[in-house]
Amino acid sequence: MGRLLEVKGLRTQFFTQDGVVHAVNGISYHVDEGETLGIVGESGCGKTVNVLSIMRLIPQPPGKIVGGEAWFDGRDLLKISEEEMRQVRGNRISMIFQDPMTSLNPVLTIEQQVSEALMLHLGMDRKQARKRSIELLEMVGIPEAASRIDDYPHQFSGGMRQRVMIAMGLSCNPQLLIADEPTTALDVTIQAQILELVKQLKREIGMAVIWITHDLGVVAGLADRVNVMYAGYIIESGPVKDIYGDPRHPYTIGLLRSVPRLDESVKEKLIPIEGLPPDLIDPPPGCPFAPRCQYQIEKCLKENPPLETVARGHMVACWVDVKRKGA
Amino acid sequence: MTKYIIRRLFWSIPVLFFLTLAVFVLIRAIPGGPFDFAGDKSLPPSVVKNLEAKYHLNDPVWKQFVDYLKDLILRFDLGPSFRYKSRTVNDIIAQTLPISAQLGLVALALALLIGIPAGIIAALRQNTMVDYTATFIAIIGVSIPAIVMGPFLIWIFALPHDIGGWHYEPIFPVSRWGAKPPFFLGFLPVPDLEFWKYAILPAFTLGTGLSASIARLTRASLLQVIREDYIRTARAKGLSERAVIVRHALKNSMIPVVTILGPMFAAVLTGTFVVEQIFAIPGLGKHFVTSIGNRDYPVVLGTSLLYGVAIVIANLAVDIVYAWLDPRIRYD
Amino acid sequence: MTTTTPTSTSKDNILVDVRHLRMWFPINRGIIIQRTVGYVKAVDDISFFVRRGETLGLVGESGCGKSTTGRAILQLYRPTSGEVYFDGQDLCKMKGEDLRRMRRRMQMIFQDPYASLNPRMTVGNIIGEPLEVHGIARGREKRERVQELLRVVGLNPYFVNRYPHEFSGGQRQRIGVARALAVNPDFIVCDEPISALDVSIRAQIINLLEELQEQFGLTYLFIAHDLSVVRHISNRVAVMYLGKIMELTSREELYENPLHPYTQALLSAVPIPDPVVEEKRRRIILEGDVPSPVNPPKGCNFCTRCPVVMEICKNEEPEFKEVQPGHWVACWRVGH
C-alpha cells in the first residue's frame, strides 16, 4: 500500500491577546492508501488544528503554520498556491465536521450544497450534478432522496444531516476523507448507523480516512492505526490493537483506565487522571504530561521526550519504561 | 403564510385605532387652538366663534372623534385643513406624498448601493486600513447632520465658482423638484434627466446618513456569519473566497439589515422635514411638523395615521422578507 | 392503558415516588385567537421510585424526555398530570411557600458548566446564595460554610472571590456541585453532569459524586445518554424512549439480561474501547430516526424501528410490568 499523506514536523501557532498558543508542536505522521488512522485526544490537544493546517483552513490571523511539510500526491500542501490548494479541497481530500446542525448552510437547499462541489471540481452542469447528488444521497441511506433533495437542512434530523455531509465529502471521490468528530454530537444508535455506513463505504470506495475523536470506543472499532495526542504533540502511535492492548504512555494508560466500559464488572473504581489540562500558552519545559504523570521522574520536567519506536510500528514519547514499573 | 398576513393585518386595526385616539386627544390637550392668533394676525372673536362652529370644534370631544372616524372609514375623508382653507387633507397628501416618496426611494436606493458593498468590504478586510477608512467615513456620514451636509453640497455643486481664474457653472440645480404629476402608478416619476438633476443632491444628503447605518450593520453581521461552521464547510469544499461570500455568507447576513430597513423605509417615504426645507422640495415632511404648530388638527391626524400605516406595512414586509431569507422561519 | 406502578409494599425506604407522570407541552395555532391543536408529549405516563441512598440512572437518547423528567420531578416544569411523592408528600399539589421550602431538600446539577453559572457572580456568591435564601446561614457562618463546601468538592477555598470564567470546565462543574450541596439536600438530580467535560476530567467528577453520596447519604437521579457511565454509577437503571420507560432494572440485570429490544439495540451500539472485542461484536443497527413526540406511533412507541416488531405492537401499547422480581419491561414479547 502506497503512502498517501506524509506529515513532517508540522507546527502551528495562534497569536492571541493572552500570548502565543502552541497548538501543534512539530508532529510527524503518515497515512497509507486505504487505511484508517484514528487521532485521539481531548479538547486542546491539537487534533483538529492539525488537520485544519493540512487543509490550509486555519484563519490567518490569528493562526499561522510556522513550520513543517505535508506531502500529498508529490506536492507539499503547505507550500502550494491557494489556487492549487482549492483544487485539492473537496476534491482529492475532503473534510467533514463535527456539528451537523451548524455545518450546513441553513438558507440553501441540500441540492445546492451537494451539487456545488460536483460542479466545481468535476465540471458537471446543473442537471448532471443534481442526478449525481441524488445518487450520493441514496448511497448514504437517505430515504426518498429524489424529493428530499430540495429540502433545507433544518428539515432533517441530526443523523440525516451528517449523512448529507458524508455525501458531500465523498461526492468527488476523494483519496482521503478527514472526519473531525463527526459523531460526537449524535445519539449513540445514530452514531452506530453512521459508523456502519462509513465502514461500508470504505469497503466499496477504498478511500483512506483520518478519524478524529475523543471517544476511545469509536476509535477501537474503526481505526487501523492510532495517534494519541496531548498538548500539541503525538505522544503515542501504533496499530490499534497495540495501543489498546499494550499502551506504553502514561497518558494513554490513564485514559484507558478512567473510561467506564460496558463489558467489565462494575465494582472497578474509575482511576481518573488527576490535575488539569495543559497550558498551551506558556508550556513548562519538559514533557507536557509530566505535571499529571504518576511515573514522573526528574528528567521528565526538564526535557521533552521524542517519539521513539518501542515495538513494530509502535512509537512512544516517554522517558520511563512503564512496563518495568508494573503498570 | 397567508393566515399569518391576515392575522397581522387584523391586529394592526386596533393598533391604528389607538394611535388615532391618542393623537386625537393629545393634540387637543395642548394649549392653543387652530384659530388663536396673536398680535396683528389675531382674528375678531366673532370670526373665531364662527370658524369653531364650522369645524364642529365645540362639540364634545368624543363626538368629534366619532365623526372623524365615520368620515375616515366610510368615505376615506381625512377632513379639511384648518390652515389651508382651499385644500383638504387628502389633497395635501395626494400632492406631496409622491414627491416625498420619490426622494425617499432614491435616497434609500443610494444608501443601499453605497452601504452594503462598503459594509462587505470592511468586513472582509477587517482591521486593515480599508476597514478603518470605511468605518471612519461611515461615522462621519452618520454624525454630520443634514443641516450641515445639505448646504455644504449646495455650495459646492449648485453655485457658480471662480477659482484660479476659471469659472465653474453649477452642476446640479436646486430649489425645485424635477418631476411633476401625473405620476406612474400614482407616485413613480418619469426618470429623465430633469428628474435626476434635481434629485441627486437631496437624495445624497438624505442617503449618506442612512448608508452609514446600513454599512455598519452589514459589516457587523457579515463578521459574525463568516465565523460560522458552514462557512468553514464551504471553504473545505474548495470554493473560491468570492463564491463563499456571495453564495453562502451574504443571504445569512442580511437579516439584521432588513430589520432596520423596514422602519427606515417607512420614515424616509413619508418625508423628511429638514432635507425638504433645505432643498425647497414640496414634500410631505413640511406638513408633519408645521401642522402641529398650526394646530391644524386634521393634518396632524392625517399625517400621523399615514405614518402609522406605513410602519405597519413596512414591518409586515420585513417579516415576510425574513421568511424568504431564512427558510427556518415559518409562520403558520 | 394503565401501567402498574413500581411501588413496593415492603418498607423499602422510598424517597421519591413518581406515579403516572405526564409532561405535555401545548402547541398553539390560530389566525386571530390561538388554539391548542396538539401536544408535544415529552413525558408520557411514567412511573418509578428511588430509594433513599441509591442512584437511579435514567438513560435514553435525545428527545426521549429524560431531562424533562428530571425537571418535572423538581417542579421546575409543573407536570401536566401525575404525582411526585417526595418523602410522602405530593410535590405536584404544593405551591408557593411550601414548595419553596421543599426545594431545600432537592437540588439539581446541570449539564453545561459554562452556561449554568452566572458569569457576574463570584463563586462565593453562587454557592452562598442558597444559604441566604433559605435562611441557613449568614455573614461569617455563611463564609465558613462556603469555604468548607469548596474544600469538599476539591477546590481551593481561596477561590471564593473568583469568577466562573477563570475556571476550567471540570472546576466549574465542581462549583455547581458545591452549590447543590450547600443546602444539605436529600435528593440531587444530576442532568448530564459530565457530557460537556473532557474525558480525563469525567472520571474525577464521577468519583466525586460517588464519594459525596457516601459521605452525605445522598440520593441521586442520574440522567445521561452515555450508557457506560450510567451503568457504572447507578444501582438501578431506567431506559427511556420517546417519553416512556421501556425497561427498568438493576444495572447488573440490564447488562446481562436486557429484555427490551430497544435496550438490546442501545447496548449493542455503545462502542467499547477494545479493538479485539469490537471486531467480534455484532451490532443491532436500528433503521430510521426517532419519531416526533408530537405524533408518537399508535401502539408501542418503538414499533416503527423495532427489529422484532409484531402486529400487536403497532396497535396496542404494551403494559409496563414486572416480569421478573425488580425487572420491569414494556414489551409484548416479554412476559405476555
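**View 1. Helix H1 of chain A and the residue that follows.** Seven residues of H1(A), namely A:Lys47, A:Val49, A:Asn50, A:Val51, A:Leu52, A:Ser53 and A:Ile54, are buried, where buried means under 20% relative accessible area, exposed means over 50% and partly exposed lies in between (1.4 Å probe, protein chains only). The helix runs over residues 47-54 of chain A and is mostly covered, with seven of its eight residues buried. Just after H1(A), A:Arg56 takes a positive phi of about 60°. Helices (H or I, at least four residues) and strands (E, at least two) are DSSP runs, and they are numbered from the N terminus.

This is a predicted model, in which local features need pLDDT of at least 70 and side-chain atom pairs count only at pLDDT 80 or more, while totals for chains, interfaces and linings use all residues. Residues are numbered from 1 along each chain as its sequence is written, chains are lettered from A and ligands numbered from 1 in the order in which they are written, and side-chain values use heavy atoms, with hydrogens and water left out.

**View 2. Strand pairing around S1 of chain A.** Strand S1 (residues 3-16) of chain A pairs with S2(A) in the antiparallel sense over eleven bridges, two strands being taken as paired if DSSP finds at least two bridges between them. S1(A) and S2(A) form a hairpin with two residues between them, and A:Gln13 has A:His22 as its bridge partner in S2(A). S1(A) also pairs in the antiparallel sense with strand S4 (residues 63-72) of chain A, over eight bridges; here A:Phe14 has A:Gly63 as its bridge partner in S4(A). Strands of a sheet pair through backbone hydrogen bonds, either parallel or antiparallel.

**View 3. The surroundings of A:Asp32.** A:Asp32 is found in strand S2 of chain A, which covers residues 19-32. The residue is buried, with a relative accessible area of 14%. Leaving aside neighbours within four places in sequence, A:Asp32 is in contact with A:Gly2, A:Arg3, A:Leu4 and A:Ala208, contact meaning heavy atoms within 4.5 Å.

**View 4. The surroundings of A:Lys202.** A:Lys202 lies in helix H8 (residues 188-205) of chain A and is buried, with a relative accessible area of 16%. Not counting residues up to four places away in sequence, A:Lys202 touches A:Gly34, A:Glu35, A:Thr36, A:Met207, A:Val209 and A:Asp224. Of these, A:Glu35 is 167 residues apart from A:Lys202 in sequence, yet the two are 9.0 Å apart in space, C-alpha to C-alpha. The side chain of A:Lys202 makes a polar contact with the side chain of A:Thr36 at 2.5 Å; a polar contact is a pair of N or O atoms within 3.5 Å, where within protein one must be able to donate a hydrogen and the other to accept it, and where residues adjacent in sequence count only if both atoms are side-chain atoms.

**View 5. The open sheet of chain C.** Four strands of chain C form an open sheet in the order S2-S1-S4-S5, with antiparallel pairing. The edge strands are S2 (35-51) and S5 (89-90) of chain C, each of which pairs on one side only. Strand S1 (residues 14-29) of chain C is joined to S2(C) by 13 bridges, and the two run antiparallel; among the residues concerned, C:Trp24 has C:Lys41 as its bridge partner in S2(C).

**View 6. The interface of chain C and chain A.** The contact takes 42 residues from chain C and 44 residues from chain A. The area buried between the two chains is about 3,900 Å², of which carbon and sulfur atoms give 60%, buried area being the accessible area (1.4 Å probe) that two parts lose on being put together, summed over both. In chain C, C:Val199, C:Pro273 and C:Pro275 lose the most area to chain A, together 16% of what that side buries.

Across this interface the rule finds two salt bridges, each a side-chain nitrogen of Lys or Arg within 4 Å of a carboxyl oxygen of Asp or Glu. A:Arg261 forms a salt bridge with C:Asp274, the closest N and O atoms being 3.3 Å apart. The rule also finds 15 residue pairs in polar contact across the interface of chain C and chain A, both residues being at pLDDT 80 or more. The elements that give two or more residues to the side of chain C that touches chain A are H6 (199-216), H7 (227-233), H8 (251-256), H9 (261-269) and H10 (275-280) of chain C, and H6(C) gives the most, with ten residues.
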